[in-house]
Amino acid sequence: MAAIDAVQTRKSWSPYSDSPSTKIHGPDKPGAGKAAFEARLGTTFDLGQPGVVGEVGEEVSPFTQQPLNIRYPKSDPDALIGAAVAAMGDWREADFELRIAICLEIAARLYARNFEMAHAVMHVAGQSYTQAFSGSGPNALDRGVEALAYAAKAMRDVAPSATYHRQFGGEAVALEKTYVLVPRGVGLVICCASFPTWNAYPAMFASLATGNPVVVKPHPIAVLPMALVVQTSRAVLTEFGFDPNLVSLAVDTLAEPVAQDLVDDPRVQIVDFTGSPRYGGHLERTVTGKLLFTETAGVNTVVVESVADLDAVGRAVARSSSLFSAQMCTSPQVIYIAPDLFAPLSAAIVDQIDAIADDPAMASGIMGAIQGEVSLKVVAEAQAAVADRPGVRTLRDPAPYAHPQFPDARTMTPLVIAVDEGQQMDLYAEERFGPVLFLVKKDPREAVIEATDLARTRGSISSYLYSTDEAFIDRATPAYEAAGANLSINLTGAMWINFAAAYSDYHVTGLNPAGNACLADLAFVASRFRIVQRRRPAA
């Protein structure tokens with residue numbers, strides 16, 4: 001499999017195109033995908049699931065600020081888990097190579113309807129059309145296929161049988177041994193609101209490939225993308241002669257959440273969670289006797305010691321801080337700048353953000369929309385925190401930009417705060433999930449110490465460093481490694497500095513509070529099955 005070669009070599013590879021160009025997909029698919037999305041609005045999304053006790057639907061588009069009015073089947077959690085357990089027998093007995101092939105077919109079907117998925121992600125998460133098409137489509141599917149590659153490696157590494165010979169005293173012993181891969185049990189995938197597919201695909205495919213059924217629990221404000229995933233998965237499973245209840249959707253509401261009921265069910269043996277540190281931390285403290293994989297959040301930092309091209313660094317930081325209005329787990333939040341560079345680099349960063357914000361077409365493609373009022377509250381709270389505070393000043397006020405296609409879109413350009421005096425770490429030592437950027441004047445050596453301490457104590461998913469001094473870089477990198485913080489050094493140019501490439505970049509280390517799991521490595525899949533052996537005298 002080409003994916004296995006890619007994860008072994010860590011080279012650039014993908015079976016999908018992440019461009020929505022009609023030169024690649026033809027002239028008809030973009031319109032058909034949009035029409036398919038629009039046809040969903042105001043309808044009931046039937047999945048044919050067991051235990052349906054009602055309907056729910058709370059999604060509101062960040063671009064129109066109008067409800068989608070899609071109703072989803074609300075199933076009794078006990079019925080979903082019971083159906084998953086009942087479906088598990090045939091799936092467990094199937095050859096794991098067949099299970100992997102079926103997962104690959106699911107991925108292919110999802111890619112085929114990616115234009116529909118792009119509009120679904122746009123109107124529940126607020127991502128721009130191009131980001132929703134690429135980041136929540138092919139890039140997310142790549143992470144799923146990456147997990148399948150590791151699942152194949154892990155399961156192929158187990159010999160199905162062996163003949164054992166050994167002398168015990170004067171007696172020759174010969175045994176025939178058989179090794180059986182046994183799945184752990186029902187997997188629960190709890191999705192985040194802002195990037196539901198990106199973490200869900202690897203979790204779903206890792207569990208399915210290793211023989212475990214999956215219950216998908218989407219965030220109440222971002223159900224549609226995962227409903228499309230579950231619908232597609234159930235259709236493919238049925239076509240291959242398996243019970244569609246191997247994959248099901250557990251919807252809930254903000255007022256009446258169902259996740260904990262699912263987590264607590266003893267038949268659920270695998271929990272994949274992406275979301276807030278608050279609930280993720282609760283799971284890490286309380287889930288026992290089950291597998292738990294988490295990705296939560298962290299304080300991502302940039303340390304600027306020296307630069308070869310000030311404008312290029314300013315552009316790189318500004319673009320990554322503006323992407324999806326900083327509603328990403330890899331968005332930089334705290335930029336430590338050496339004192340001699342502080343004034344010119346701060347100005348360059350603000351100028352580059354202004355260049356994006358002042359061009360509605362560019363802003364709409366990069367910033368997208370604000371998913372919910374909670375992120376606007378984050379910005380307002382940051383503004384209030386710096387008011388009349390000594391040593392802190394606002395370099396750039398946040399403001400909406402006018403979206404060229406959606407005049408009612410909920411938008412907000414970044415708030416940029418300068419911290420140029422004293423110890424103000426309480427301002428920026430927690431993740432602020434929204435367009436807020438702190439520029440901190442600090443000696444680079446002290447900045448590395450503080451940045452890595454934040455990674456170790458508060459978590460970090462992506463860290464960044466700029467320096468023309470190789471000796472400084474050599475001194476700094478061990479501190480990042482000790483903090484379990486993935487580090488990007490001197491990245492500028494066309495590639496977004498916070499772009500994470502499947503098959504090549506490891507996403508999250510599991511070594512700091514940003515999460516206990518990595519997307520993806522062998523550890524992410526290998527414990528989702530166990531090995532049961534039997535042995536008997538050889539014939």
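Biologist: Which residues does T253 touch, not counting residues up to four places away in sequence?

Modeller: T253 touches V56, E58 and P220, contact meaning heavy atoms within 4.5 Å. The model is predicted: local features need pLDDT of at least 70 and side-chain atom pairs pLDDT 80 or more, while totals for chains, interfaces and linings use all residues. Residues are numbered from 1 along each chain as its sequence is written, and side-chain values use heavy atoms, without hydrogens and water.

Biologist: Why does T253 count as buried?

Modeller: Its relative accessibility is 14%, and buried means under 20% (exposed over 50%, partly exposed in between; 1.4 Å probe, protein chains only); T253 is therefore buried. T253 lies in the loop between β7 (247–249) and α11 (259–264), where helices (H or I, at least four residues) and strands (E, at least two) are DSSP runs numbered from the N terminus.

Biologist: Why are α5 and α9 called roughly antiparallel?

Modeller: Helix α5 (residues 96–112) and helix α9 (residues 196–209) pack at about 150°, with axes 9 Å apart. Axes are lines fitted to C-alpha atoms over the stretch in contact, and angles run from 0 to 180 degrees between N-to-C directions. Angles over 145 degrees count as roughly antiparallel (under 35 roughly parallel, 65 to 115 roughly perpendicular, the rest oblique), so α5 and α9 are roughly antiparallel.

Biologist: Which residues of α5 and α9 meet?

Modeller: F96, R99, I100, C103, I106, A107 and L110 in α5 meet Y201, F205, L208 and A209 in α9.

Biologist: What does L249 touch, not counting residues up to four places away in sequence?

Modeller: The contacts of L249 are L47, Q49, L80, V216, P218, V223, M226, A227 and V230.
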